[in-house]
Amino acid sequence: MAILFEEIKKILPHRYPFLLIDRVLEVEADKKIKAIKNVTGNEPFFQGHFPHHAVMPGVLIVEAMAQAGAICLLVEREVKGTLVFAGIEKAKFRKPVVPGDTITFEVEVLNLKKRFCKLHGKAFVDGTMVAEATFSSALAEM
């Protein structure tokens, strides 16, 4: 099942400049997801990271993985509250992501409990892994 940008906005509370998923290519609710982010030179973080050699911050790559994971967990649920980071483990950054790249995220749910989950995400550009991380999320009532 593909999910387009306007539908993503109905699932996630994030908005510009922090909505980092442009399209979902495939999703199996509560199991796995494949999503993309088109990285453009107009991203606001490139103004300072870095002005003479634009590189997407690794923390935002992990944030995008988490957003993809949240879509996977929320796509078939009506949830009261917000899914937030509970931890990041084993984050590795293998290659810089620069303007013009399209990042493909593959996120798998490792463990799912009522209000807590653990996921593992990988980020690819042109088939090459650029980052990966294991992370946890929790449902916070706000």
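Biologist: Of the 142 residues of the protein, 42% count as buried. What makes a residue buried?

Modeller: Its relative accessible area has to be under 20%; over 50% is exposed, and anything in between is partly exposed (1.4 Å probe, protein chains only). Bear in mind that this is a predicted model, where local features need pLDDT of at least 70, side-chain atom pairs count only at pLDDT 80 or more, and totals for chains, interfaces and linings use all residues. Numbering starts from 1 along each chain as its sequence is written, and side-chain values use heavy atoms, with hydrogens and water left out.

Biologist: Why does aspartate 30 count as partly exposed?

Modeller: Its relative accessibility is 26%, so it ends up in the partly exposed class. Aspartate 30 sits in the loop between strand 1 and strand 2, and its phi is near 65°, a positive value in a residue other than glycine.

Biologist: Is aspartate 126 buried or exposed?

Modeller: Exposed, with a relative accessible area of 77%. Aspartate 126 also has a positive phi, about 50°, without being a glycine, and its loop runs between strand 5 (116-125) and strand 6.

Biologist: How many helices and strands does the protein have?

Modeller: There are 2 helices and 6 strands, in the order α-β-β-α-β-β-β-β from the N terminus.

Biologist: Why is helix 2 called largely enclosed?

Modeller: Because 15 of its 17 residues are buried, helix 2 is largely enclosed by the rest of the structure.

Biologist: How do you know that the radius of gyration agrees with a compact globule?

Modeller: The rule is 2.2 Å times the number of residues to the power 0.38, and the radius is taken over C-alpha atoms. For 142 residues that puts a compact globule near 14 Å, and the protein has 14 Å, so the two agree. The C-alpha trace spans about 45 × 30 × 30 Å along its principal axes.

Biologist: Which residues is methionine 129 in contact with, leaving aside its neighbours within four places?

Modeller: Contact means heavy atoms within 4.5 Å, and on that basis the partners are Arg94, Lys122, Ala123 and Phe124. Methionine 129 belongs to strand 6 (residues 128-140). With a relative accessible area of 22%, methionine 129 is partly exposed. Its C-alpha is 9.2 Å from that of threonine 104, 25 residues away along the chain.

Biologist: What share of the contacts with a separation of 6 or more comes from residues 24 or more positions apart?

Modeller: They account for 61% of those contacts in the protein.

Technical notes: Helices (H or I, at least four residues) and strands (E, at least two) are DSSP runs, numbered from the N terminus.
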